[in-house]
Every structure is written in structure tokens, then in C-alpha cells.
Amino acid sequence: MPLIDKKKECDVMWVGLSAKKVNNLKTNYPLEEDTNSGKIIKEVEDLLPNVQFYKTNLVKCLPLDDNKKIRYPNKTEMEACINNLVKEIEYLKPKIVFLLGNKVNNFVIGHLKQNNIIIKTYIKKIQHPSYIHTYKRKNKQDYINNLIIEIKNGVKK
């Protein structure tokens, strides 16, 4: 069973790379605030209480190596899951889709272009929040402020 958000509508969609290890698939959801990425995303969301957010991942299931350790999903796993992400976007019709980091952006945009898929929403690559947390901590507030501006401008269209 995949790790998914339970919401049925949204203005903004966050798309991470893959699921994390959770205790309960029915109560946990992607990009929760117990992760570094989730903490930063929550800060943004808390400052925009009238905006509806949806969190998801390109790969909905937890990729594990032979030793049961979390690993990056491989191309085959991403290819198996991309149509689910496209359907989520088409169903929810967010005004903005934020692709978190290079791996997600490169795969999603490459797939859309290669398959001539047109999604009528604003799709934007942003630096992954965990990258900001780990390597650019002093720029975190600028990162959050820029996202807030981007969201306010995109949602009111």
C-alpha cells in the first residue's frame, strides 16, 4: 500500500522523490513535519492558512536495498509510478506544483516532454527543502519568503 495524502483538493502540490518509513499508512502522509523537508514545508504552510496544500511523492512506496535500508528509487521504479503522479495532478488541478529537487524535476519534466503530456498547471522546480536544511541553513528564511511570494502570486491567478 502506498503512502499518500488524504486530501481531495489543493491549490499547491509538493512533490518529493519517494516515501519514507512510517508506522501507519492510514495516519501518516508524505513530507510530514518529522522530516527536515516537512518542517520547512510546514513553516511555509503555516504562514498561508487560506491556501490548501497537498503532499505527495513521485514514488509512493518505500524503496529499500537488499539490507532493508532506504535508498533512492531507481529509474524503473520512477517509470512505474509517474502515471500515478500525472493522474494526481490532473485530478486535483493545483494551481502550482513544486517539484522538490533535481531528481524529481529532471524525471518528471523529462517524462512529460518525452510523452507529449501537457499539464495545465504551473510546474516549478525548487531546491529540495532538506538541501536547504542541511547545506543552506542560513538562507532558510529567504527560501521560505520566496516560496510564500511564489505561492501568493500563483494562487491568486
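Modeller: Helices (H or I, at least four residues) and strands (E, at least two) are DSSP runs, numbered from the N terminus. This is a predicted model, where local features need pLDDT of at least 70, side-chain atom pairs count only at pLDDT 80 or more, and totals for chains, interfaces and linings use all residues. Residues are numbered from 1 along each chain as its sequence is written, and side-chain values use heavy atoms, with hydrogens and water left out.

Colleague: OK, how many bridges join strand 3 to strand 4?

Modeller: Five, and the two strands run parallel. Strand 4 covers residues 122–126, and its Ile126 stands opposite Leu100.

Colleague: And how does the chain get from strand 3 to strand 4?

Modeller: Through helix 3, in a β-α-β crossover that is right-handed. That term means that, with the strands pointing away from the viewer, the path from the first strand over the helix to the second runs clockwise.

Colleague: What does strand 1 pair with?

Modeller: Strand 1 (residues 12–18) pairs with strand 2 in the parallel sense, over six bridges. Strand 1 also pairs with strand 3, again parallel, over four bridges. Gly16 faces Asn57 in strand 2, while Val15 is opposite Leu99 in strand 3.

Colleague: Why is strand 2 described as largely enclosed?

Modeller: Because seven of the seven residues of strand 2 (residues 53–59) are buried.

Colleague: New topic: which residues have the most contacts inside the largest nonpolar core?

Modeller: Met13, Val15, Leu58, Ile82, Leu85 and Val108, in a core of 21 residues. A nonpolar core is a set of buried Ala, Val, Leu, Ile, Met, Phe, Trp, Tyr and Cys residues joined through side-chain atoms within 4.5 Å. Helix 2 (75–92) gives the largest share of this core, seven residues.

Colleague: What does Val108 touch?

Modeller: Leaving aside neighbours within four places in sequence, Val108 is in contact (heavy atoms within 4.5 Å) with Leu58, Ile82, Leu85 and Leu99.

Terms used. Buried < 20%, exposed > 50% of the residue type's maximum accessible area, 1.4 Å probe, protein only. Pairing = 2+ DSSP bridges.
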